[in-house]
Amino acid sequence: MRIVSKPPSERRPQRMADLSVLPVFFTLTGKRVVVIGGTDAAAWKAELIAATGAEVHIYAAPAGTEEELPRLLAADEDGRLIHHEESWTPDCLEGAALVVADAADDEEATALVEAARKAGVPVNVIDKPAFCQFQFGSIVNRSPAVIGISTAGAAPILGQAIRRRIETLLPLSLADWAKLAARLRDRLYETLETGAPRRAFWERFVDRAFGNAPEVDAGEMLLAEASRIGAGNDGTRGRVTLVGAGPGDAELLTVKAIRALQAADVILFDELVSDDVLELARREAKHILVGKRGGRRSCRQEDINAMMVKLARGGKRVVRLKAGDPMIFGRGGEEIVQLEAARIPVDIVPGITAALAMASSLRVSLTHRDLARSVRFVTGHSKSGGLPEDLDWRAVADPTASTIFYMGGRMAARIAERLLAEGLSPETPVAVASAVSRPDQRLSQGRLADLEKTVLEVDTTAPVIIGIGGVFGQSAGAAAANLPLLANHAQ
């Protein structure tokens, strides 16, 4: 069958998925905020708002004041808290940026919301979501870097758990780096042009920010680096990063892969890369499909190579996003040769290859010490589309190995026939997987003599991966049945 080359096609990133709430941040420095109520809950909200530099007016009669408010007022050294020992009235809302209230009942909450609406002020009634125009989420404070977490009131405990997870990932020194960036921002932008120079600078800045705390001379060092980049002496050349997208589940991406996706100007992605993985990329990046599928109209490898060189020479940060691992049947080696010949810097970010994802889904060890002495990754078809004839098929038929055939679905019958001819037992366990790690994953296990039937049970259209060897026995008993075979082979 003659396969016609398909040109690369640009694809728009997926639109933003539905949001339960819109995350926004209020700048409240020097602004008037009204807090109503003398309860501890109201006092805690007043303390939080005062931390933003707001002027907080608290309306609470002494009789309704609990323990927390007197403590808070006594500790107010900046004069940000102003206590009005009286009940609220609609007039006190005029000119406020926000209103937060701990209402005694729904009747008072209704009156508050109506007064706030007439005054044009957003209102939050504590613990009464139906009366809130905005919500407070869990906060991770690395100010000026601030992270707010909301579950839209559905599961506050979950929001707190997410906050704890994030806090463990963000060093406390991140706040110092963020303050340093704010202080130097104007001078940096005078030095660095919009586009690649700024991107190069800030990506290096981020690497430092997630490392050690800034040293005394960190500001001078950053300005010097910005000057070098601005003069074109450092960091403004384009480069290409070959990134393994894994088998499909976005959670299997490495942190380094995500960082590469979020730093890219252009992403050239394979047809097998899942939408969930692409969703993690920088939204401003251009997405170009350069799909390659066996037996289908595909982009020519020469065109993909030329595109990467052209984009990188234009100063772009290019991610070549490949399903699985870029160095396992992904033609990564050919692309590296072409890029290095063009003097384009190349980085490689490994990914989880489909064989490992299949083993994980089946809960098998590819190197079980009683069943396998080695692992082989083998191509299931040749350049001409038939069975590879330049393989050492006698070695591939080793019963002490776990053998994984990639791109072998259409060749399943011939693979089985060849392995049987080389002496591999018809009872050798096999496993077949398609869409491994994805929601539509399909798995099937059987024996070598029925390999073609097992492949057809899984899928006749999607790319499949085939595992052959004792480790793919359907049960512990089936695996144990292969032990004598291994022992005999070893002798």
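Predicted model: local features only at pLDDT ≥ 70, side-chain atom pairs only at ≥ 80, totals over all residues.

Me: Cysteines then. How many disulfides does a search of the whole structure find?

Reply: The search turns up 0 disulfides.

Me: Is C92 buried or exposed?

Reply: C92 counts as buried, at 6% relative accessibility. C132 has 22% relative accessibility, so C132 counts as partly exposed; the cut-off for buried is under 20%.

Me: Switching topic. Which residues does the UniProt "active site" annotation cover?

Reply: According to the UniProt record, an unreviewed entry, that annotation covers D270 and K292.

Me: Where is D270?

Reply: D270 is in the loop between β10 and α9. D270 is buried too, with a relative accessible area of 13%.

Me: And what is D270 in contact with?

Reply: Setting aside neighbours within four places in sequence, D270 contacts L289, V290 and G291, plus R320, L321, K322 and A323.

Me: OK, helices. Which residues of α8 are buried?

Reply: In α8, residues 255-263, the buried ones are A257, A260, L261 and A263.

Me: What do those buried residues pack against?

Reply: They pack against two helices listed as α6 (196-209) and α9 (275-278), and against the strands β9 (239-244), β10 (266-269), β12 (317-322) and β13 (346-349).

Me: How about α5 and α7, what's the angle where they cross?

Reply: Roughly 35 degrees, with the axes of α5 (residues 174-191) and α7 (residues 218-230) coming within 10 Å. The crossing is right-handed.

Me: Which residues meet there?

Reply: From α5 you have W177, L180, L184, R187, L188 and T191. They meet A218, G219, L222, L223, A226, S227 and G230 in α7. By class, that contact has 8 nonpolar, 4 polar and 1 charged residues.

Me: Last one, T353. Where is it found?

Reply: T353 is in the loop between β13 and α12 (354-362).

Me: Buried or exposed?

Reply: T353 is buried, because its relative accessible area is 6% and buried means under 20%.

Me: And what does T353 touch?

Reply: Not counting residues up to four places away in sequence, T353 touches G324, D325, I328, F377 and Y406.

Definitions and conventions. Residues numbered from 1 in each chain as written. Heavy atoms only, no water. Disulfide = S-S within 2.5 Å. Buried < 20%, exposed > 50% of the residue type's maximum accessible area, 1.4 Å probe, protein only. Helix = DSSP H or I, 4+ residues; strand = E, 2+ residues; numbered from the N terminus. Contact = heavy atoms within 4.5 Å. UniProt positions renumbered as here; feature names shortened; annotations may be inferred. Axes fitted to C-alpha atoms, helices over the stretch in contact; angles between N-to-C directions. Left-handed = near helix turned anticlockwise from the far one by under 90°. Nonpolar A, V, L, I, M, F, W, Y, C, P; charged D, E, K, R; others polar.
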